[in-house]
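Work through the exercises below with the sequence and the model side by side. Each task is followed by a solution that goes step by step.

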Amino acid sequence: MTLTSEELRKVKPLIVAVVGPTNEGKTSILRTLTSDPKFGEINAYTGTTVRAEIQKVFYNGVAEILQLIDTPGFQTSTEILEALMADPKVQANQGDFDLDDILRVTPSTDEDFRHDLRAWHEIARADMLIFVVNVVENPAQSLFKSTLCLLKHVGKPVVVAYNNLREDSGDVAQCQDSRDCADNNEDIVPRRLADNYCKEWDEVLIKNCFYLIQRYDAHHRIFADEISLLKKLSVLARDPLTQRVLSAEIQERLLREKRRLQASRTILAELVLDVACYREVELNVEPNMQTQRLRELTERFKQNVVRREHQAHEQLLETWGFSLSVLEREMLNVDENAKLYDHFLGLDAKRYLKVGGSVGAAVGAAVGAAVDIASAGLSFGAGAALGLFLGGLLGGGSAVALNAKYDAKGKRLEARVNLPVAQEALARGILLVEQLQCRGQALEDSVQALVRAQPQPIEIPGVADLLKSCVSVAEYSTLNSEKSYPFHRLAESSPLGRERKSRDEIVASLASLLSQRLVDVE
């Protein structure tokens, strides 16, 4: 859909007031809808938003198309409704009233009514409303009944947004976009459906003539719900030009989501190729030094693999709009008697000490880093968890993770990563992308992440076969140094060299295969 510069200059922003009783999640929904984790203030106390705040949405960074107004929460709807019913003018109209009457009877000097009065003034200047409903709250409460009664008299379109549709089941949680969250994947502690009042809210809203109802959980973003909400706003807009530009914004969001998924697939393809083709070579290794040099080589493997995976995770966080700050990079001491509860694991880390021995696990943990992205609503100790797992795998049992060969004649020691290490990294990356895709911007405090250090393998047809065909080509991995290459590198002009695909081509092929799991939005 093409919009001319002249049309963009003529666009008048659609003013949408986000309203509802206090602590229903209005600010949270705006944070997620606009991908702005710093908008407004969020906490568990009543009446956190005390003044109206405006979040503007621009199309292509040029035309202002939306003004989303975060209003103070309703607290005195029952008292306002009682004042209306006692008002002589309203009584003369047989109980009928409008927005002007609401503003007229709401006390302007009473401190108890100041939040509500500010909200009603913003409603008066808005084109339409988003009424936020916390579905874990019973609609039978008098505040909700009174609020609905007031809203249906304002004479403006209202879209009802259901918030807090899911609740935590344990310390670690996950929402897998539009898929059923009650699957049996043991690597996920799934969110269960909340003990909510959706059915009761449906009945109450229809009874009060509110028919435009949209699921939109601020904490667990489902992209299809986001698009559906914007489409409802577009339909309700009266100006044809505004409708066109909102439709264009929807298409732009669809393209952005596809770009993020494509970028994520490429990041993971580069990661898994780097790890799968990674090798280390030690030259001039005397037979009596073989064991010691292999131990040193293994430590180098651990550090480089962990750093490479952390780099990929940072790229994924940036791709999905989450800021990352490194809080600390400190050595972790882990032994058989120690207990390390890592929020990234969601488990006592001693479970992973058994993977390859406590010594290997301790060394692995030591190369980790604790990272936090609390400003964007997600926190995880990635370094500790990944280091712990790889430490156990590589340090305690190199036969599991490494394929080492020693050439006594040439005094050459060479080791390669076995495919399970790359496959574990790929599984962690895929699970992280799936979490980031549905991660809302609502939470102010750090929370536990989902991805465990040792997830179940994720089988994607074609990936394993492609990696097996690549592992012998050292040039495919950016982790390899020049001495890691074979003594006689394949010349690009040789017949075999011409047949071999470039690294970029292999990455593109892997990314295409990953689209079977990380599917583009429609």
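**Exercise 1.** Determine how the side chains of R221 and E226 meet, and decide whether each residue is buried or exposed.

*Solution.* The side chains of R221 and E226 meet in a salt bridge, with 3.2 Å from N to O; the term requires a side-chain nitrogen of Lys or Arg within 4 Å of a carboxyl oxygen of Asp or Glu. The model is predicted, so that local features need pLDDT of at least 70 and side-chain atom pairs count only at pLDDT 80 or more, while totals for chains, interfaces and linings use all residues. Residues are numbered from 1 along each chain as its sequence is written, and side-chain values use heavy atoms, with hydrogens and water left out. Next comes accessibility, where buried means under 20% relative accessible area, exposed over 50%, and partly exposed in between (1.4 Å probe, protein chains only). R221 counts as buried because its relative accessibility is 6%, and E226 is likewise buried, at 1%.

**Exercise 2.** Classify the aromatic pairs of the structure and locate their rings.

*Solution.* There are two such pairs, where rings of Phe, Tyr and Trp (its six-membered ring) pair if their centres lie within 6.5 Å, and planes under 30 degrees apart count as stacked, over 60 as edge-to-face and the rest as tilted. The ring centres of F74 and W120 are 5.1 Å apart with planes at 25 degrees, so this pair is stacked. Because F74 lies in the loop between β3 (63-70) and α3 (77-86) and W120 in helix α6 (residues 114-125), the pair ties together parts 46 residues apart in sequence. F74 is buried at 0%, and W120 is buried at 0%. F144 and W201 instead form an edge-to-face pair, 5.3 Å centre to centre with 65 degrees between the planes.

Notes. Helix = DSSP H or I, 4+ residues; strand = E, 2+ residues; numbered from the N terminus.
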